[in-house]
Amino acid sequence: MKINLANIKKAKKLLNKCECVAIPTETVYGLAGNAYSDSACKKIFKLKKRPKNNPLIVHYYNIQKLKEDCNFNNNFHKLYKRFCPGPITFILNLKKNSKISKIVTNKKGALAVRFPKHPVARSLLKKLSFPLAAPSANLSSKVSAVSSDNVREDFGKKIKYVLEGGKSSIGLESTIIDIRNRPKILRLGGLEISVIKKVLKKKILIKTNPKKISSPGQLKIHYSPGIPIRLNVKRIKNNEAFLLFSKKKERKSNYYFLSQKGDLKEAAKNLYITLRKIKKNKYKSIAVGKIPNKGLGKTINDRLIRASKF
Ligand code: TXA
Ligand code: MG
């Protein structure tokens with residue numbers, strides 16, 4: 001992806017004035033603001049209609065910049081070295097003298113931190129003197145945005161600027177891991193747990209459906225296209241859109257395929273864009289065929305299960 005420096009400059013100028021800007025990342029687009037500024041962070045919550053108790057992820061250029069705000073341990077170092085920048089978010093302890101706005105996190109002293117890999121996001125972060133708070137750039141509880149058009153569909157002119165970065169290459173949000181004590185996955189995401197396990201060489205707890213919610217990404221109703229979804233369907237009903245994992249010989253106008261060649265990465269990349277397309281084409285409900293429950297398929301199924309609680 002070619003970086004347009006004039007666009008980066010425009011985004012930087014607005015962010016310096018504590019305005020919100022949508023930015024591309026390799027997972028999904030983010031709605032970004034200065035993480036050190038109360039007024040910028042307040043704007044993010046307002047635009048997204050996000051509940052105040054749902055803390056924001058903060059995006060850093062690299063570990064050097066993070067040192068000013070957070071403490072970290074050996075497990076963090078191992079994962080950072082192997083996967084960053086990339087689709088993994090860490091829950092870390094904030095330093096007492098950190099400059100992070102109190103509005104970002106309601107969790108006593110814990111901060112969600114990510115290092116996006118998208119070259120446009122990296123180029124922007126490198127030029128800023130502050131990290132970016134950036135939840136996914138969609139209305140709260142709805143499907144995330146994986147293109148600049150998706151962002152505009154949700155926010156129209158309410159966002160001052162959408163920084164162009166093409167289609168997100170992963171298309172699913174980052175995997176969230178609480179790394180402060182015993183490593184614990186809080187949200188399945190674009191990085192598979194099996195590869196995290198290989199690096200840490202130990203068992204990892206998975207707490208994506210806890211009784212007590214510590215991360216609203218764990219909420220049951222989330223990622224919803226705004227119409228009902230039925231899962232593991234073999235036979236569709238009249239007027240339903242049929243969402244299928246891989247391309248079938250039989251093709252009808254209401255059939256939507258996540259992957260041409262039955263590839264989970266491709267399916268992940270197409271998931272949100274296809275859900276949005278079906279809604280736009282005025283279907284009143286979606287039937288989903290079986291999706292393999294391995295690797296990224298687990299994340300796809302996690303999102304569809306939550307979206308089906310509509
Ligand atoms: O891939 C991603 O993670 C994207 C891109 C833009 O970076 N961002 C994203 O943000 O998905 P968001 O806000 O939609 O989801 C972040 C999740 C939320 O469920 C939030 O509750 C959780 O992270 N979270 C944030 N801070 C937390 C904390 N201190 N402890 C536990 N969970 C936290
Ligand atoms: Mg989100």
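Lys 49 has a relative accessibility of 60%, so it counts as exposed. That is a handy place to start a short tour of this model, which is a predicted one.

- Lys 49 is not a glycine, yet its phi is positive, at about 55°.
- To find Lys 49, look in the loop between α2 (38-48) and β3 (57-59).
- Asn 239 also has a positive phi, about 70°, although it is not a glycine.
- You will see Asn 239 in the loop that runs between β12 (229-230) and β13 (241-246).
- Is Asn 239 buried or exposed? Its relative accessibility is 68%, and exposed means over 50%, so Asn 239 counts as exposed.

- How many disulfides does the model have? The count comes to 0, since a disulfide needs a pair of cysteine sulfur atoms within 2.5 Å.
- Cys 70 takes part in no disulfide, and the nearest cysteine sulfur to it belongs to Cys 84, 13 Å away.
- Cys 84 is likewise in no disulfide, and its nearest cysteine sulfur is that of Cys 70, 13 Å away.
- Cys 70 has a relative accessibility of 2%, which means that it counts as buried.
- For Cys 84 the relative accessibility is 14%; buried means under 20%, so Cys 84 counts as buried too.
- Cys 84 has another feature to look for: the peptide bond leading from it to Pro 85 is cis, with omega near 0°.
- Pro 85 itself sits in the loop between α4 (74-83) and β5 (88-94).

- Why does Lys 284 count as exposed? Its relative accessibility is 63%, and the exposed label applies over 50%.

**Places to visit in the structure**

- For positive phi angles, go to Lys 49 and Asn 239.
- For the cis peptide bond, go to the step from Cys 84 to Pro 85.

Methods: Residues are numbered from 1 along each chain as its sequence is written. Chains are lettered from A and ligands numbered from 1 in the order in which they are written. This is a predicted model: local features need pLDDT of at least 70, side-chain atom pairs count only at pLDDT 80 or more; totals for chains, interfaces and linings use all residues. Side-chain values use heavy atoms; hydrogens and water are left out. Buried means under 20% relative accessible area, exposed over 50%, partly exposed in between (1.4 Å probe, protein chains only). Helices (H or I, at least four residues) and strands (E, at least two) are DSSP runs, numbered from the N terminus.
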